[in-house]
Structures are given as structure tokens and as C-alpha cells.
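Thanks for sending this one over. Have a look at the model first, then read my notes against it.

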Number of protein chains: 2
Amino acid sequence: MSKKPEKTRDLLHSFGLRYSKPRNIILDYFHEKDRHTSAEHLFYDLKDRGHNLSLSTVYLNLSVLKNAGLIRELKGAMGEAIFDSNLSPHHHLVCEQCGEVMDVPIFTVAGEKPTYLLKAHAEQATGWKVKEPRLELRGLCPTCQNT
Amino acid sequence: MSKKPEKTRDLLHSFGLRYSKPRNIILDYFHEKDRHTSAEHLFYDLKDRGHNLSLSTVYLNLSVLKNAGLIRELKGAMGEAIFDSNLSPHHHLVCEQCGEVMDVPIFTVAGEKPTYLLKAHAEQATGWKVKEPRLELRGLCPTCQNT
DNA sequence: ATCATTGCAAACTGTTTGCATCAAG
DNA sequence: CTTGATGCAAACAGTTTGCAATGAT
């Protein structure tokens, strides 16, 4: 099932990263299909498949891959880090009960009348029940912009 | 500086909560002006003012007050819980560098052309540099809605 | 008198780090 | 050979919990 290591090696190199077996395994995992996974979940999933990476290696490489831009990070239902290999621009729907994460195309969410239609659109398009969206935008405050 | 305890007692009672000195102190803190604070920050702030609540009491009461609807929770720059006593609907701008949190009125953010104007509007209105907003909506997936 | 709240310490979860060993380039 | 990656264990931060003492109603 796994891609040819040379492929992965080239991919890593093109991002300025070294090849390693763990990285190959992790990238294979993500490339099988778009996945949303936490470090721990990935760790156990890989263990089930006979890949005994250490947990710290998993953490380390998720962070490396994220910094290289090969995967994206979001926050799960409990605030844990969730990694997503789908790089195309999209939003996320996170189930507060089971933790399930679903991708939401940006243009379904971004209707003409944002705050209200956001919720309605997303609910209609996905069947989820969406909590009142309170945005928590990240950025740099004026002071920190000059630092 | 602190409000009359009877006031706070009545407030707490009206929310079905018992009065206690820690709750009084914490509510006083929040009501002095709208504040954004983490549990730990609150703990030290109160210590500086001579109120030696235990950290677990601070955590417990923030959670109690939040569940009662007297304060709101959001996630800070590092994913820590930040509590906000401003209950009117608004969004937040969180500085990734210094952790500063700023309120953003909903209608400044929610323009006519959401995804794009969101960023532009917010930046223009606040002077912040806003990272591309990726929404992480919370809700219930179809399965969990029937549980 | 009853039952919730407090404070302390210990437990826990998610994540990071130090360091000796090992593999990639 | 040089530098970066691994794996383990220990360290950490933020938060929660168990429990006996205390305080509110």
C-alpha cells in the first residue's frame, strides 16, 4: 500500500527535509486519503499497522511537516492539535461530542450575509448542528508588528 | 473598590449559585472592567491584591461561572482557556506573539463579502495584522445529534 | 444539620526537551 | 564524516480530582 520511498524522499527533499523511515510512514498515512488526526491517534493507528514509532518522534515530525507546509494544524474539540493533510483552503466543523472533524468548503460557509448565513449554510450543507460561531482570529497586535 | 457583597450574593443566587468569598473576589475582578484572563493570570493578579485563593479554586469557579453563563470562555494564543466577562456578542482577536486579546464587534467583521472583507475590515478597524482566518466551527455531527 | 465550597497535593493529558545512539547525505 | 533524526525517559504546562476541613444556607 505504501508509496515508493523514492517518491517520498523526493517530496521531502523538495521541502528541504531529510528522508527518514518515520517521515515516510507518516506521509504514507496522510496520503492514503485526507485525514484528520491527533498525534496520539496517529501514534496508535501506526502501532496497529505494525509501525512502532516513538510518540515523541510522531510529535516531532508532525511539527516538522507542519512547519514545512506539508500538513496543516487545527484545534480539536478538547483543544488538542489535529493535523490535516488537505491543503486546499477550507474550514472545519468539529463535533464537540465525538471529536469528528469535517471539512467545509469555504464558499459554502462564506455566503452573502456572513454571521447568520454562515450557520444556516453550514448546517444545511452538512447536516451538522452548528454552535453560534464566535470567531477567534489570530494575528499580531500593533505593538507586536514592530518586533 | 469592591462592590457590596450583598449585590454579588444576590447575583450569584439569581443564577442558582451559592455565595462565597472567592466568587465575590473573582466577580469583583471581572466587573471592575471587562477583562480577558486565564486562570493562572487571574490567580497571580488576585495574589498581588492580597487575595490568596488556591489555584484549584480559581479553576473551579471560572468553570462554575462559565457554566452559569456569567462569563465566557475562549482559547488563547497557546490554546489555554481565557475567560471574558463581556457577554455581549463579539468576536476576538488574539495576538499570536504576546497573547493580547481584543474584542471585535461582530458587524465590523461581518461585512458583505465575508472571507475576504473579514480580514480587511478587521485589520482596518483595529490596526492588527490578521492571519488568514480559517474557521473552526464547533457543533454536533449528525450522529451525535441523536444522543 | 446539610450540603456545597475550599485548599492542598496528587493525578492526568497533551506536548516538549535532553541526551546518547543511529541513520542520511 | 558531519549533521540531523530517533527513542526513551524525564520535564512541563494547563487543568482536574480526591479528600478532609470549612463555610453557606
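My comments follow as numbered points.

1. Ground rules. This is a predicted model, where local features need pLDDT of at least 70, side-chain atom pairs count only at pLDDT 80 or more, and totals for chains, interfaces and linings use all residues. Residues are numbered from 1 along each chain as its sequence is written, chains are lettered from A and ligands numbered from 1 in the order in which they are written, and side-chain values use heavy atoms, with hydrogens and water left out.

2. Who sits around the DNA. DNA strand C has 20 residues around it, and A:His13, A:Ala81, B:Ser20, B:Arg23 and B:Thr57 come nearest (near means a heavy atom within 4 Å). By class, that surface has 7 nonpolar, 7 polar and 6 charged residues. The classes: Ala, Val, Leu, Ile, Met, Phe, Trp, Tyr, Cys and Pro are nonpolar, Asp, Glu, Lys and Arg are charged, and the others, Gly among them, are polar.

3. On the phosphate side, an N or O atom in the side chain of A:Tyr59 is 2.9 Å from a phosphate oxygen, and one in B:Asn61 is 3.1 Å from a phosphate oxygen. For the bases, a polar side-chain atom of B:Ser56 lies 3.2 Å from a base nitrogen.

4. Which elements supply the surface. α1 (5-14) and α4 (55-68) of chain A, plus α2 (21-32) and α4 (55-68) of chain B, each supply at least two residues. α4(B) gives the most, with 4 residues. Helices here are DSSP runs (H or I, at least four residues), strands likewise (E, at least two), numbered from the N terminus.

5. A closer look at α2(B). Its 12 residues should span 16 Å at 1.5 Å a residue, and the end C-alpha atoms are 16 Å apart, which agrees; the expected span is 1.5 Å times one less than the number of residues. The buried residues (under 20% relative accessible area, 1.4 Å probe, protein chains only) include B:Arg23, B:Ile26 and B:Phe30. In chain B, the buried residues of α2(B) pack against α1, β1, α3, α4 and β3 (contact: heavy atoms within 4.5 Å).

6. β4 (residues 90-95) of chain A runs parallel to β7(B), joined by 4 bridges, with A:Leu93 partnered by B:Leu137. β6 (residues 129-130) of chain A is antiparallel to β7(B), with 2 bridges; A:Lys129 pairs with B:Leu140 there. Pairing takes at least two DSSP bridges.

Technical notes:
A polar contact is a pair of N or O atoms within 3.5 Å; within protein, one must be able to donate a hydrogen and the other to accept it, and residues adjacent in sequence count only if both atoms are side-chain atoms. Buried means under 20% relative accessible area, exposed over 50%, partly exposed in between (1.4 Å probe, protein chains only).
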